[in-house]
Amino acid sequence: MELPQTAISKLVEPFLAKVGLGVSVIWVLLMAIIVLNVFARYILSEGRIEFEEVQWHLYSTGFMLAMAYCVVTDSHIRVDVLHEKFKPETKVLIDLYGYILFVLPFVALILIYGVPFVLYSYETGEVSASPGGLPFRWLIKSVMLVGFALVGLAVVSRCTRLVAYLYERFQKIDSA
């Protein structure tokens with residue numbers, strides 16, 4: 001189902017699509033580090049905690065920054081198995097209410113409580129608890145804030161498109 005573009009979606013969605021495509025490089029880098037870690041551990045018998053932590057950080061970064069791309073392209077996983085059987089207007093209403101009632105409040109909570117979480121980590125100079133682990137723990141925690149801020153932008157953009165779709169459909173019904 002094609003949704004109409006809005007002024008907000010024309011501004012936000014190309015940016016989020018570029019971020020999503022740019023983040024795809026992370027997956028190649030992640031695979032290279034995994035292969036390097038496996039080689040070092042099993043061939044050279046030299047396991048490194050730094051490699052494992054970099055893997056976790058790359059995976060987290062890729063996932064957090066790609067969520068907005070999934071919203072923009074409507075390629076996220078749906079829980080509702082009945083969704084495909086609904087009329088387009090019903091699908092749009094379910095998506096709109098789901099975004100407004102569940103996703104946006106969750107994003108708001110993450111952003112509200114995430115800022116002090118990241119600031120505390122930065123102010124205390126938090127590092128990994130693992131021996132030889134990575135420093136700057138606040139940096140990976142801040143990726144969460146960026147990721148959810150991008151999701152918030154994506155959801156607002158998507159909601160404007162859903163409302164525009166409903167507006168167009170109801171205009172056609174009124175004019176008939």
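Helices are DSSP runs of H or I with at least four residues, strands are runs of E with at least two, and both are numbered from the N terminus. The model on display is predicted, so local features need pLDDT of at least 70 and side-chain atom pairs count only at pLDDT 80 or more, while totals for chains, interfaces and linings use all residues. Residues are numbered from 1 along each chain as its sequence is written, and side-chain values use heavy atoms, with hydrogens and water left out.

**First stop: helix 1**

Select tryptophan 27, which belongs to helix 1. Is this residue buried, partly exposed or exposed? Tryptophan 27 has a relative accessible area of 32% and is therefore partly exposed. The classes are buried for under 20% relative accessible area, exposed for over 50%, and partly exposed in between, with a 1.4 Å probe and protein chains only.

Next, move to isoleucine 43, in helix 1 (residues 7-43). Isoleucine 43 is exposed, because its relative accessibility is 57%. Select Val38, Phe39, Tyr42 and Leu44 as well; together with Ile43 they make a nonpolar surface patch of about 550 Å². Such patches consist of residues with over 30% relative accessible area and no salt bridge, where nonpolar side chains (Val, Leu, Ile, Met, Phe, Trp, Tyr) are joined within 5 Å and like charges within 9 Å. Accessible areas come from the Shrake-Rupley method with a 1.4 Å probe, and for residues only the protein chains shown count as cover.

**Second stop: the loop and helix 2**

Select serine 45, in the loop between helix 1 and helix 2. Its phi is near 55 degrees, a positive value in a residue other than glycine. With a relative accessibility of 62%, serine 45 counts as exposed.

Now display helix 2 (residues 49-72) beside helix 1: the two pack at an angle of about 155 degrees, and their axes are 8 Å apart. Helix 1 is therefore roughly antiparallel to helix 2. Angles over 145 degrees count as roughly antiparallel, under 35 as roughly parallel, 65 to 115 as roughly perpendicular and the rest as oblique. The axes are lines fitted to C-alpha atoms, for helices over the stretch in contact, and angles run from 0 to 180 degrees between N-to-C directions.

**Third stop: salt bridges**

A salt bridge is a side-chain nitrogen of Lys or Arg within 4 Å of a carboxyl oxygen of Asp or Glu. By this rule there are six salt bridges.

Select arginine 161 and glutamate 2, whose side chains form a salt bridge (3.8 Å, N to O). Arginine 161 lies in helix 4 (residues 137-175) and glutamate 2 in the segment before helix 1, so the pair ties together parts 159 residues apart in sequence. Arginine 161 counts as buried at 6% relative accessibility, whereas glutamate 2 counts as exposed at 67%.

Glutamate 13 is buried, at 6% relative accessibility.

Then select arginine 169 and glutamate 89, joined by a salt bridge of 2.5 Å, N to O. Arginine 169 is in helix 4 and glutamate 89 in helix 3 (residues 88-124), 80 residues apart.

**Last stop: the loop between helix 3 and helix 4**

Finally, select phenylalanine 136, found in the loop between helix 3 and helix 4. Phenylalanine 136 is not a glycine, yet has a positive phi of about 60 degrees. Its relative accessible area is 52%, so phenylalanine 136 is exposed.
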